[in-house]
Amino acid sequence: MLDPVPPPRQIVTSSDLVRHFGYWQDRAARTPVYILHRGRPRLVLTSVEIMDALCAPHFSGQGCGPDLAAVLERVEDRVLIANDRQQIIAASDTARRDFGDLAEIGRALVRIVPEYVQTQLAAGIDRVSRTGVAVSLDLPSRAPLIESMTLLIDAWPGGVMLVARDAAGDAEMAERAALDEAITASDAIAPVRIDLRGRLESGSSSLAAWCNLRTDALAAVPFASLFDGSSQGAIRDAIDRVIRTGQALQINALLLANLTVPAAVRIGFAARRTGASVSGIAAVLITRVG
């Protein structure tokens, strides 16, 4: 635990934070709130002003301070940090080694991918900047020794942080693509990705069709809001439990098909991990007969 231990009015469980976010948001505007994970403070909710003050010694719009530079020297991942103009302001040693001059300070972050997909990467970066919700993209690389990458993009004070990892091999990617097509063709299964706030990172054409929405309209929508009111509490509890424990589970729920008529579905939830930490949830909806 922290030393000294914060008072009870500054400590909240993740489930209580979700249920009473407005209350804890107001409290965090005045003083930091510590969010418990398995009984121990894991995250802190605080105001932008406090966060900017904390980060100021380590970060500026033109580069990074000595503490951050020292951290980046020891990071094994390819990490690139960009400002609000999508220009690189810091890079890990691994990123500089693998990307070469593409990772130079001042270069446009989108240049790490070929020109024909730069608009897609720029749109993903812009979405993270606007919403604060992390995005994952599988894109080809311009680096000579990297054929394709999985790009993990997350918010950073004054910009974004991008982590570039090797994507699955061609055979595995082809198998995934075929599986995605089979799932879509079945019209009975809908895979989704859910972030740590319970919002959809991406939907699927199947889910969009069930809800009579465009696929892009599902982005950032609270997952529980797609369901009948009688199911929403169970869905929020399931999401919270998977995030807290990392254990997979399944529940039955009533999806608002066409947003009006409830349809019975079974949902399987599993934790998505970045290293040892849960970074989100993968879920699969299966229609139930009867």
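This is a predicted model: local features need pLDDT of at least 70, side-chain atom pairs count only at pLDDT 80 or more; totals for chains, interfaces and linings use all residues.
Local features require pLDDT of at least 70 and side-chain atom pairs count only at pLDDT 80 or more, whereas totals for chains, interfaces and linings use all residues. Residues are numbered from 1 along each chain as its sequence is written, and side-chain values use heavy atoms, with hydrogens and water left out.

**View A. The hairpin of strands S6 and S7.** Strand S6 (residues 78-83) and strand S7 (residues 88-91) run antiparallel and are joined by 3 bridges; pairing requires that DSSP find at least two bridges between two strands. Helices (H or I, at least four residues) and strands (E, at least two) are DSSP runs, numbered from the N terminus. Ala82 stands opposite Ile88 in S7. The hairpin has 4 residues between its strands, and Gln86 takes a positive phi near 65°.

**View B. The two faces of helix H2 (residues 21-30).** Trp24, Arg27 and Ala28 are buried (under 20% relative accessible area; exposed is over 50% and partly exposed in between, with a 1.4 Å probe and protein chains only). These residues lie on the same side of H2 because they cover an arc of only 100° around the axis, taken from the directions from the helix axis to the C-beta atoms. The face turned away from the buried side carries the exposed residues Ala29 and Arg30. The buried residues of H2 pack against strand S1 (11-13), helix H1 (14-19), strand S2 (33-37) and strand S3 (40-45).

View C. Thr150 counts as buried because its relative accessibility is 19%. Its side chain makes a polar contact with the side chain of Asp138 (2.6 Å); such a contact is a pair of N or O atoms within 3.5 Å, of which, within protein, one must be able to donate a hydrogen and the other to accept it, and residues adjacent in sequence count only if both atoms are side-chain atoms. Leaving aside neighbours within four places in sequence, Thr150 is in contact with residues including Ser136, Leu137, Val163 and Arg165 (heavy atoms within 4.5 Å).
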